[in-house]
Amino acid sequence: MLTFNSKEVCQLLHNKFVVILGDSIQRSVYKDLIRLLQTDSLLTSSQMKAKGEPSFENDHLIEGGVLDGLHNGTNYREVRQYRSRHHLVRFYFVTRVYSAYLESILADFEAGLQPDIVILNSCVWDVSRYGPSSMKEYRTNLEVAFNRLDAVLPSSCLVIWNMTMPLGPKVSGGFLIPELQHLTKTLRNDIIEGNFYGATLAGFHLFDVVDLHYHFRFDLGNRVKDGVHWNNVVHRRITNLLLSHVANAWGVFIMEKKLQEGPVWDENPTMSFNPQPPARLPQPPGPSWRFPEHCNIHRPNPPSVFHDDSLFIPADRGLPTPFSGFTSFEDSHLPPFHLDAMALDRFCHLERVDPSIFSAYPSYNEENIPPGPSRRKRRAHGAVDHHHRLVMRRRSFSMRDHTPYMRGREAFCEPY
């Protein structure tokens, strides 16, 4: 994963209009992004907990929040906007993936400025606050919302669907009112099912998908006590993931600093979560380190469309059937998900389980791309003309030939 500094983010998003829609998790994504546009420091705990405040890091509260009163109802609204000379970032708080409020947001896009990037997610509120048939309605609303986004947004707009992050065994977020406390034990499984529907439908519409559930499934130590939200370190990593995805989709490669032979350490590192060097390397004078230039080539893994965290155990007769629907990877009595042949053999040997009861999982290099619609439309086609210190030139070779997430031709971007 690339690590962006404030200067690189300002160059990448130069003269771009970014829109973020979602719940409190996406609000923290918005806050960390505008924080990174101004400084390399992380968010504080109080900044992440605050909601509906009149101003945050030179942004402005446009609608809702403290202007209309803070509450945990499904009609809560909060519209925030950060604007500088060359950047515009806007956030809409939504409690349902499709509603009359989303239609009003799309009407704003049709009447005013069209966004260059739309980052959205809505799942936790959808499957918990709208009655016993909320999951069925969520599937319907996903399809309607994606159809409307596809119709209203221009083909040059990069639409990114963020999959919902893992929930804890006990959830105590503000969205979960006392009348719905019985959902705390099943909500994290409902999220996995909702992620499956959202990512699959987003793939049908050729929207990009960033699987935050997969990326942070083993990073549970950075989840806060309410079982829903995450700390500032994780949100900076989310920002870097999204920016890496945007740069890759636009065919932009941001050159690193000139590296010497051997590891290079920064005297004043700006990030507090850089990995430590392996034992075979000499001890660095500082906590931040990088590999030599020939080893520091960014090779992002082709993102899969979705990760189905359900085990398939055969019934007494017939084909294998899903076991307990969508299950959570945090259930300790279940084996690891998506086992390869070696891991499956090791698990069956240690647990004394017959390996024939498990169905075969597809290998990591098998294509798992859902069929697209009859009218295929490419989004964010071609490299973007940046009016700043980024020079665009074609690659001499292509490192990613068969990935549905490459938009246009690959290009290097380097300072001149």
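How many aromatic pairs does the count come to? In this predicted model, local features need pLDDT of at least 70 and side-chain atom pairs count only at pLDDT 80 or more, while totals for chains, interfaces and linings use all residues. Residues are numbered from 1 along each chain as its sequence is written, and side-chain values use heavy atoms, with hydrogens and water left out.

The count comes to 9 aromatic pairs, where rings of Phe, Tyr and Trp (its six-membered ring) pair if their centres lie within 6.5 Å, and planes under 30 degrees apart count as stacked, over 60 as edge-to-face and the rest as tilted. Phe93 and Trp125 make an edge-to-face pair, because their planes stand at 90 degrees, with ring centres 6.0 Å apart. Distant parts of the chain are linked here: Phe93 belongs to strand β4 (residues 87-93), and Trp125 to the loop between β5 (117-120) and α5 (134-152), 32 residues apart. Helices (H or I, at least four residues) and strands (E, at least two) are DSSP runs, numbered from the N terminus. Both Phe93 and Trp125 are buried, that is, under 20% relative accessible area (1.4 Å probe, protein chains only).

Another edge-to-face pair joins Phe146 and Trp161, at 5.4 Å centre to centre and 90 degrees between the planes. Phe146 lies in helix α5 and Trp161 in strand β6 (residues 158-162), so this pair ties together parts 15 residues apart in sequence. Phe146 is buried at 1% relative accessibility, and Trp161 is buried with a relative accessible area of 2%.

Finally, Tyr30, Tyr76, Phe91, Phe93 and Trp125 come together in one aromatic cluster.

Conventions: Buried means under 20% relative accessible area, exposed over 50%, partly exposed in between (1.4 Å probe, protein chains only).
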